Amino acid sequence: MRVLVLLLTVLSLLLLAESKTFWGDTQVLKQLKNTLDPNSVAQGSCISSWDFKLDPCDALFSDRFTCGFRCDLVDDSGVSRVTEIGLDQAGYSGSSLSSLTWNLPYLETLDLSGNYFSGSLPESFSNLTRLRRLILSGNSFSGPIPSSSIGSLSNLEELFLDNNNLQGSIPQSLNNLVRLNRLEIQANSLSGEFPDLNSLTSLYYLDASSNAITGQVPSTLPASLIQISMRNNSLVGTVPETIKQLGSLQVLDLSHNQLGDSVPAHLFSHPSLQQLTLSFNQFTSLQTPSSAGLQSQLIALDLSNNNLLGFLPSFMALMPKLSALSLENNKFTGMIPTQYAFKVALPGTGVSPFVRLLLGGNYLFGPLPGPLLSMKPGSANVGLGNNCLYRCPRVFFFCQGGDQKSLSECRSFVPVIP
């Protein structure tokens, strides 16, 4: 009997010695599979093929471990470590990811996106000390962003928590992620004021849209940012002047908030800004830049659906690269500046023409500038409806209800082609 026990022990040790996967990594893969709802593991999915009678790394890409993770040799021991988990979007569900140890010290990528995982984000994520990419988008995770675990991932470069049901405030501990270059937390229910993330000197992409963030637009943001989107929140105040210090910023979207007062001039003379979207706010006026827009890098500008008053700003026709302008649904009055028409139909040398000019839903009146009347069909998208204009070729304009009225009485027109 003792000889048999000794023989079995030796055989076990030999099998362990021949294993290509570190035993602790195998345990985490087993835990992950066991936490899933078995009914969500569809035939043909990655996890349906995981058969732990075989060594995971040794059998990877066979019919027993077809996909879902990656192994690498990280030292001279000859033992493989799991360096990436990337599940297919097969509809996996489970609410007990917090029960996993996540003791995978060599894991660099964890991608569970596009499934139906729920429950809270695990505190044990702090064990993923080499993690560079955490992608949990498009699930049903709830609860707060765990401050201590997520904030301890100092090697993290990309963090995707978007399209979940996360609540609570955005933790200040994100400032510890000094290597982070992409942060996506949009489409959750995060609330409170946006924290100061000025320590993230490598951050170039920030999307915090479609949450319940309050307070003002942050005045201290990383100078490395190229794109900022904070649309569809409850931000108040105006756009801080410190935005002009973001010398690499190209895209700024603050639409669908409660911003007001004046649209500041520094946005029109920003050295790098190409796309500015401030629609669906409460702005009432525009500040004119000292350079009259000649230094602007803006290509697309959307100020629609505000409460902007006064005449159409002529300086916008002088912006050399501006090709898409939307000022729809404001309270502008007066006539369409001739400069707008020339930029549509007869732009100067080195000047980008308006390919989209949307001015509908205002109180504009008077004749259309001549160059607009000579436009070739399909040359540009020009929207002028719901104003008080006349002299449109081959179109008679009538006020709502069908009665002709004077310009002072009329705003909305129904075009009727004779």
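Reader: Is Ser-124 buried or exposed?
Author: Relative accessible area under 20% counts as buried and over 50% as exposed, with partly exposed in between (1.4 Å probe, protein chains only). Ser-124 has a relative accessibility of 15%, so Ser-124 counts as buried.

Reader: On what kind of model do these values rest, and how are residues numbered?
Author: The model is predicted, with local features needing pLDDT of at least 70 and side-chain atom pairs counting only at pLDDT 80 or more, while totals for chains, interfaces and linings use all residues. Side-chain values use heavy atoms, with hydrogens and water left out, and residues are numbered along each chain as its sequence is written, from 1.

Reader: Which backbone oxygen does the side chain of Ser-124 reach?
Author: Contact here means heavy atoms within 4.5 Å, and, leaving aside neighbours within four places in sequence, Ser-124 is in contact with residues including Ser-98 and Trp-102. At 2.9 Å, the backbone oxygen reached by the side chain of Ser-124 is that of Leu-100.

Reader: Which strands stand at the edges of the sheet?
Author: Strands are DSSP runs (E, at least two residues) numbered from the N terminus, and two of them pair if DSSP finds at least two bridges between them. The open sheet has 6 strands, paired in parallel, in the order S3-S5-S7-S9-S11-S13. Each edge strand has a single partner strand, so one side of each is left without a neighbour in the sheet, and these strands are S3 (93–94) and S13 (212–214).

Reader: Which residue in S9 does Gly-143 stand opposite?
Author: Gly-143 belongs, with Phe-141, to the covered face of strand S7 (residues 140–143). S7 runs parallel to strand S9 (residues 165–168), joined by 2 bridges, and the residue opposite Gly-143 in S9 is Leu-166.

Definitions and conventions:
Helices (H or I, at least four residues) and strands (E, at least two) are DSSP runs, numbered from the N terminus. A polar contact is a pair of N or O atoms within 3.5 Å; within protein, one must be able to donate a hydrogen and the other to accept it, and residues adjacent in sequence count only if both atoms are side-chain atoms.
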